[in-house]
Amino acid sequence: MHFGSRRITTAVSAAGILACSSLLAGCDPVTVIRCSVTALLESAEADSQPDDTQTVTATVETEPVDDPCDAADDPAIWLNEEDPEASLIVATNKVRGLLVYDLEGQIVSRLDSGRVNNVDLRSGIRVGGAETIVVAGTNRTTMTLDILALDPASGELSPLGDPIDPEFADEPYGLCLYHSAASGDLYVFANAQDGAVGQWRLDGDGRGGLTGVQVREWTLASQPEGCVADDANGWLFIGEEEAAIWRFDAEPTASTDRPTVVDRTTLGEPGGGRLAADVEGLALYVPPGGGARDGFLVASSQGNHTYVVYDRAPPHAYRGTFRVGGGGAVDGTEETDGIDLVAAPVGPDYPAGLLVVQDGFNYDSEGSRINQNFKFVSWADLSF
Ligand code: CA
Ligand code: CA
Ligand code: CA
Ligand code: CA
Ligand code: CA
Ligand code: CA
């Protein structure tokens, strides 16, 4: 692979900033200016993309979130196995709460529960005797881990027991769920910007909801966020934003002393890794009917607006890099935070699976910067 030939340029025009500002009527003008200036600085700082970078386009983009600046953050896909086209995407607006989108990108429901940063879900969980879609999020307003149920018919979210107090010194930040194939137990992992990582087992609370019992805690050297658990293999992948992706054993009795490094944020350095800091969202491509080692790990390489693909199986060999480019009705993606991925067919538009990615710089058809949103990509458009 040759490196460094393509410099990223993301035009943020003065007209775009003005349009952005006018769209934000009622918003604090200082916030609007800060949003615009930050956008210019961010786009100027982007790192280079590798020469082997594939480019795909998004098929759908969601309605923007309700707030300006850096607000959209992290998605979680619920696959409706009986009617894949009725699948739903739960996503965070990290200054307001949660949104639920349909596959057209339309908002189905909102829950203004506070500054929820990351979200994840697992379906088919028995809670109070009923099969439940369990959703978990890190709420920075209430400083809790919120456990919710997603109603598959209405798309509404509702509390599923009392929120968990993680007792972090910092705000709860990254989050992912782990449904252990070994024990059948459901766990939530959450982390904080000071490096703290915790794991809680979600048990029935005797009132039809779930309650969290902390089973482990440890510390990373610097700020983590994105994480994803491999339920079949018992692995936790976690991103330390300016450093690396680590793999820990996800079982609660395992040692956290010697994690495996998957890759480092040393793109462009001699012998360096494939990631440009920050490493952000992580997701797994787990093909239905495949073996426990089949599939991929995908990471948002935020510093160069790309996504990096690795083997799911150790030693997690590099498979390639891709970006979501513009050129269609939907703009490309830049500075992505959270991502999620389902490997099963999700209706005719996503025959090999659906990738959902946050877009840091969302433009309308006139090229004006508007509130952030999420883009949907067909995995069949990529080759790994
Ligand atoms: Ca962001
Ligand atoms: Ca997520
Ligand atoms: Ca982050
Ligand atoms: Ca974009
Ligand atoms: Ca984030
Ligand atoms: Ca757009």
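Guide: Donors are N, O and S atoms within 2.8 Å of the metal, or 3.2 Å for Na, K and Ca. Keep that in mind as we look around this predicted model.

Visitor: Which residues coordinate the calcium ion (ligand 4)?

Guide: Asp-331 (OD), Gly-332 (O), Glu-334 (OE), Asp-359 (OD), Asp-359 (OD) and Phe-361 (O) do, at 2.2 to 2.8 Å. Along the sequence, the donor residues follow the spacing D-G-x1-E-x24-D-x1-F.

Visitor: Are Asp-359 and Phe-361 buried or exposed?

Guide: Both Asp-359 and Phe-361 are buried.

Visitor: Why is the arrangement around the calcium ion (ligand 4) irregular?

Guide: Look at the angles: the 6 donor atoms subtend 50 to 178°, and that range makes the arrangement irregular. Six donors would count as octahedral only if opposite donors were over 155 degrees apart and all others between 65 and 115.

Visitor: Now for the cysteines. How many disulfides are in the whole structure?

Guide: First, the general idea: a disulfide is a covalent bond between the sulfur atoms of two cysteines. Searching the whole structure here turns up 1. Cys-176 is joined to Cys-227, with S to S at 2.4 Å.

Visitor: What about the handedness of the link between Cys-176 and Cys-227?

Guide: The link is left-handed, with -120° about the S-S bond. Both Cys-176 and Cys-227 are buried, too.

Visitor: And why does Cys-69 count as partly exposed?

Guide: Because Cys-69 has 22% relative accessibility, and buried means under 20%.

Terms used:
Residues numbered from 1 in each chain as written. Chains lettered and ligands numbered in written order. Predicted model: local features only at pLDDT ≥ 70, side-chain atom pairs only at ≥ 80, totals over all residues. Heavy atoms only, no water. Tetrahedral: all angles 85-135°; square planar, octahedral: opposite > 155°, others 65-115°. Buried < 20%, exposed > 50% of the residue type's maximum accessible area, 1.4 Å probe, protein only. Disulfide = S-S within 2.5 Å.
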